[in-house]
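Try each task before you read its solution.

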Amino acid sequence: DGDTIECKAQGPVRLIGIDTPERDQVPFGTAATAGMAALLPVGATVQLSPDKTQRDRYGRILAYAWYEGASVNWLMIRQGWAVSLRYPPDTRYADWFDRAEARAHAEQRGLWRVDGFSCRPKQHRAKQC
C-alpha cells in the first residue's frame, strides 16, 4: 500500500513517519498506493535507513527509503499521498515531515484536494470515523 513497500531481498518494509489511507478507505487508499507506485517504480533500487526500532509488530522492517537521493517518505507526504505520523522513538525526521504535511495541506496537494484526510488513517483503524 502507500506506506509499505516490498523489497526483493528484505521483504516488506514499513516506511517510518508516514501514514496513508487504508485499502478499504476507497478511493483514497488506492490513490495513495498509486502515488507510491509513481514515486518508486517496480524494480527500483532503494537505500533503506533505519531509526531506533528495527521491526514493527507485524515483523516488517521499519525504515526511511531513499530513491535517487530523495526521501520517499517525505515525498509521499509533500505530494499529499500521506500524512506525518510520529511513533516514538522513531522520530528522526518527524519535524521535517510535519512541515511537509503543512505545506501539502496548504497547497491542497494530492488527497488534501479531495478531502482524503478528513478521516486520518490512524482514526480509521481505530474506527473513530
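A pocket is an open set of points on a 1 Å grid over the protein atoms alone, where a 1.4 Å probe fits and protein lies on both sides within 12 Å along at least five of seven lines; lining residues have an atom within 4 Å of a point. A volume is the space filled by probe spheres set on the points, which are joined across faces, edges and corners.

This is a predicted model: local features need pLDDT of at least 70, side-chain atom pairs count only at pLDDT 80 or more, and totals for chains, interfaces and linings use all residues. Residues are numbered from 1 along each chain as its sequence is written, and side-chain values use heavy atoms, without hydrogens and water.

**Exercise 1.** Describe the second largest pocket.

- Start with its volume: about 430 Å³.
- Next, find the lining of 19 residues; Ile5, Glu6, Leu40, Pro41 and Val42 lie nearest the centre.
- Strand S1 (4-7) and helix H1 (28-39) each give two or more residues to this lining. Helices (H or I, at least four residues) and strands (E, at least two) are DSSP runs, numbered from the N terminus.
- S1 supplies the largest share, four residues.

**Exercise 2.** Describe the largest pocket.

- The volume is about 610 Å³.
- Its lining has 23 residues, with Arg14, Asp56, Tyr58, Arg60 and Tyr87 nearest the centre.
- Strand S2 (11-15), strand S3 (18-19) and helix H4 (121-125) each supply at least two lining residues.

**Exercise 3.** How many helices and strands does the chain have?

- Count four helices and seven strands.
- Then read their order along the sequence: β-β-β-α-β-β-β-α-β-α-α.
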